[in-house]
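Me: I am new to this structure. Can you walk me through it in short steps?

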Amino acid sequence: MMSVEIARSPKRAVVAERTSAPAPAPAPTETRALRVAVVTLGCDKNTVDNEYLAGMLEGAGCEVVAAEEVMSAGGEGGAGGSDSVANGADAPIDGAVDIVDAAVVTTCGFIASAKEQSIEAIADLARSKRESGSPRRLYVAGCLAQRQGAELMQSIPEIDGLVGVGQFRELTRMILESDANDERKDAASDSDSSAVPAASAPNGRTISLAPQPTVDIYEHLKRRPLGPAAAHAFLKVSDGYNHGCTFCSIPAMKGKLRSVRPEILLAEARDLLARGVKEINLVAQDLSEYGRDLWPGGVDGCRAKQYRLPDLITELCALPGDFWVRCLYYYPGNVTDRFLEVIANEDKVVPYLEMPLQHLHPEVLRSMKRPFHEVKTFNSIARIRKAVPGIALRTTFIVGFPGETQAHFQFLLDGVRRLKLDRMGAFQYSVEDGTPAGAMPDQVHEKTKAQRWRMLMDRQARISEKVNRKRKGRTERVLVERFDEESGYWIARSAADAPEVDGRVYIEGGRDSAALAPREFATVKFVKALQYDVIGEPMAADPDRSVR
């Protein structure tokens, strides 16, 4: 088998091929393609950001790979949201098995466990750099870098460069320079509008952080997918957050809302569809705020007076092709009749909505600075279900928020039983530095948080199983992702299952089934219900493009 050895030089793409024996060292004038491994941690917005970064690097002549392709993996996979018919969870990075010139870790800093995962990933790569020389350079980006960049640089000396959120161009420049002490070229004309001039740390290490973080996509950027081709993709319509939730550190990491102009999003969606994507998942810190910052006083001319998310969805659905559109993370206080009409009437929009409620008791919600009138929460859910019959609703809750009493928690448990939401996730509250909740009295003991989390998840597991039992015998359209050799099932998702967080549809029939193919729709009859997933059998060729 032919392998590839990368000749060393920062700017051009020249590879030396070899079979069994190593190639001779390149002449001093020969140049090479930088090989860059990218680690994506945290939310799906980081997935999009890393695809922007990969597109820029590839456009500059680099070879870009997902870290799993060149680094060995170890440890145990994730939990929750899917039964164990097959385990496709990513494992943590642990040691190098192939030489890379640079590794980038795009971090998450949302909650304590996400911070720990980010620090562990950086530490693993730092150890690999020390012990094996691969990666030759280590870069850190994203939310944790934005908040704790100086501390990371001080505690992990193997980090060569660090940037905050949204600084794709600055990070690309860092990586392209083989010597961190080289004078940066064309910095004035090419720099991010959000970036401040990079500061050199000791030993040529570089840190570049914007004093006011912002993620501003002001032009159409090429995205380069990392890893195997997928049936779904995320379209980040905005970033940043304008709400003042007392537990949330996102405004400190991402800054204020920045919507992406619709013409950029439509061009990006066309690119995704052209590469075979069959499901576009709209993501943001809050979808409901989309467009509010672009035209705060309304719009004149060819566009509607108030161009908002329903307008964007309508334009996306008008694009040619057979695909789904899904809405993830919609603020519960902003559900409009117009938005519900679009979900109900656009055939390409799946009847699904993720709406993070965070709690149900009005006193806890008031303390969180969330919509806090209990009757509105329950009436809102009823209103949504009436407007969009059969809609699948997903939410998240926080347990152990400061001041949450046993009575508050019992109210939440009882409310979950009443609402019978299709999908649910839960977090144990963690103190975030600089947030109002972190300084609140009556912090809940960690043991109590864990107990309440288990009780809540057990309650939802029973609800989920009942929901899935009602699906048995139904025939639905699903999106096939891949065939799993280990289990012998095809893995798919229905309109009620968002990627990476919800359950799956496991389809019988074997690899050679004529009715099934990766990244294509199929019609399936559900024959068995599991706690989070369902098992189905393929029907004839998929005749129906509607998800209703």
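This is a predicted model: local features need pLDDT of at least 70, side-chain atom pairs count only at pLDDT 80 or more; totals for chains, interfaces and linings use all residues.

Me: Which element gives the largest share of the lining of the largest cavity?
Reply: The lining has 15 residues, with D49, T106, A141, G164 and F168 nearest the centre of the cavity. Elements that give two or more residues to this lining are α1 (44–59), β8 (137–142) and α5 (168–176). The largest share is four residues, and it comes from α1.

Me: By class, which residues make up the lining of the largest cavity?
Reply: Two of the lining residues are charged. The others are seven polar and six nonpolar residues.

Me: What span should α1 have, and how far apart are its end C-alpha atoms?
Reply: α1 has 16 residues. At 1.5 Å a residue, α1 should span 22 Å. That agrees with the distance between its end C-alpha atoms, 23 Å.

Me: Is α1 mostly covered or mostly open, and how many of its residues are buried?
Reply: Buried means under 20% relative accessible area. α1 is mostly covered. Of its 16 residues, the number buried is 13.

Me: Why do the buried residues of α10 line one face of the helix?
Reply: In α10 (residues 337–345), the buried residues include F339, L340, V342 and I343. An α-helix has 3.6 residues a turn, so residues three or four places apart point the same way. On the other side of α10, D337 and N345 are exposed. Seen down the axis of α10, the buried residues line one face because they fall within an arc of 155°.

Me: What kind of aromatic pair do F247 and F401 form?
Reply: The model has seven aromatic pairs. F247 and F401 sit 6.4 Å apart, centre to centre, with 85° between the planes. Planes over 60 degrees apart count as edge-to-face, so the pair of F247 and F401 is edge-to-face.

Me: Are F247 and F401 buried or exposed?
Reply: The cut-off for buried is under 20% relative accessible area. F247 has 8%, and F401 has 0%. Therefore F247 counts as buried, and F401 also counts as buried.

Key: Residues are numbered from 1 along each chain as its sequence is written. Side-chain values use heavy atoms; hydrogens and water are left out. On a 1 Å grid over the protein atoms alone, a cavity is a set of points where a 1.4 Å probe fits but cannot get out, and a pocket is an open set with protein on both sides within 12 Å along at least five of seven lines; lining residues have an atom within 4 Å of a point. Ala, Val, Leu, Ile, Met, Phe, Trp, Tyr, Cys and Pro count as nonpolar, Asp, Glu, Lys and Arg as charged, and the others, Gly among them, as polar. The expected span of a helix is 1.5 Å times one less than its number of residues. Buried means under 20% relative accessible area, exposed over 50%, partly exposed in between (1.4 Å probe, protein chains only). The arc is that of the directions from the helix axis to the C-beta atoms. Rings of Phe, Tyr and Trp (its six-membered ring) pair if their centres lie within 6.5 Å; planes under 30 degrees apart count as stacked, over 60 as edge-to-face and the rest as tilted.
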